[in-house]
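Biologist: Hello! Could you walk me through this model, one question at a time?

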Amino acid sequence: MASTILRRATSSVIKSSLLMEASRRSYASVAVGTDILSAASQVSLQKARSWDEGVTSNFSTTSVNDIFKGKKVVIFGLPGAYTGVCSQQHVPSYKKNIDKFKAKGIDSVICVAINDPYVMNAWADKLQAKDVIEFYGDFDGSFHKSLELGKDLSAALLGPRSERWSAYVVDGKVKALNVEGAPSDFKVSGAEVILEQI
């Protein structure tokens with residue numbers, strides 16, 4: 001009984017804190033027309049992989065230039081691997097629509113989160129999405145910070161994370177951008193919305 005009350009109270013506090021934070025948030029500086037190659041020119045991401053693959057690759061990273069230059073990319077960011085909305089709605093929306101993205105000429109569909117590449121790898125395997133979506137870790141949040149898409153989710157015991165967002169990017173230029181009003185929302189960043197924007 002006491003644990004049920006504690007769970008409910010904790011859930012209420014977290015929801016209230018997230019709603020208060022959402023009302024204070026400022027929107028990202030990244031916008032339609034932003035050149036990600038310039039905004040995040042010094043940034044690299046870490047492709048999802050096992051620890052052994054990391055050792056074998058000398059803990060290699062992938063530059064933003066390699067991800068976006070000369071390509072049509074749909075990228076979506078989320079607060080974190082293994083979290084509720086991310087696992088139950090966000091990634092599945094892209095997984096089930098992958099053929100529609102390919103039919104529109106999209107070279108890559110990418111999921112990025114402020115997690116290490118090993119967590120991203122295990123999560124991608126669990127979601128059975130690794131073969132259709134590219135997963136990248138932004139281990140220190142530098143990618144999200146460079147685009148002002150970072151978010152402090154300490155109220156939910158997650159620490160520094162990212163907004164929930166999606167973008168359609170052509171040769172590094174943002175053609176469409178969707179940022180949720182709060183990280184717990186799933187209204188504008190799903191696959192169905194961005195498919196209509198391509």
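**Cysteines, bridges and a cavity**

Biologist: Which cysteine sulfur is the closest to the sulfur of Cys 111?

Modeller: A disulfide is a pair of cysteine sulfur atoms within 2.5 Å. The closest cysteine sulfur to that of Cys 111 is 7.8 Å away, too far for a bond. That sulfur belongs to Cys 86.

Biologist: Before we go on, what sort of model is this?

Modeller: It is a predicted model: local features need pLDDT of at least 70 and side-chain atom pairs count only at pLDDT 80 or more, while totals for chains, interfaces and linings use all residues. Residues are numbered from 1 along each chain as its sequence is written, and side-chain values use heavy atoms, with hydrogens and water left out. So in short, the model is predicted.

Biologist: How many disulfides does the count come to?

Modeller: Seen from Cys 86, the closest cysteine sulfur is the one in Cys 111, and 7.8 Å is too far for a bond. Cys 86 is buried, with a relative accessible area of 0%, where buried means under 20%, exposed over 50% and partly exposed in between (1.4 Å probe, protein chains only). Cys 111 is also at 0% and counts as buried. The number of disulfides is 0.

Biologist: Which strand holds Glu 134?

Modeller: Helices (H or I, at least four residues) and strands (E, at least two) are DSSP runs, numbered from the N terminus. The side chain of Glu 134 meets that of Lys 47 in a salt bridge of 3.8 Å, N to O. Lys 47 sits in strand β1, while Glu 134 belongs to strand β5.

Biologist: Is Lys 96 buried or exposed?

Modeller: Lys 96 forms a salt bridge with Glu 192, at 3.8 Å from N to O. Glu 192 is in helix α9, whereas Lys 96 is in the loop between α5 and α6. With a relative accessible area of 39%, Glu 192 is partly exposed. Lys 96 has 64% relative accessibility and so counts as exposed.

Biologist: Which strands each supply at least two residues of the lining of the largest cavity?

Modeller: On a 1 Å grid over the protein atoms alone, a cavity is a set of points where a 1.4 Å probe fits but cannot get out, and lining residues have an atom within 4 Å of a point. The lining of the largest cavity includes Trp 165, Ala 167, Val 174 and Leu 177. The strands that each supply at least two lining residues are β8 and β9.

Biologist: What is the phi of Asn 58?

Modeller: Most residues other than glycine have a negative phi. Asn 58 lies in the loop between α3 and β2, and is exposed, with a relative accessible area of 67%. Although Asn 58 is not a glycine, its phi is positive, at about 60°.

Terms used:
On a 1 Å grid over the protein atoms alone, a cavity is a set of points where a 1.4 Å probe fits but cannot get out, and a pocket is an open set with protein on both sides within 12 Å along at least five of seven lines; lining residues have an atom within 4 Å of a point. A salt bridge is a side-chain nitrogen of Lys or Arg within 4 Å of a carboxyl oxygen of Asp or Glu.
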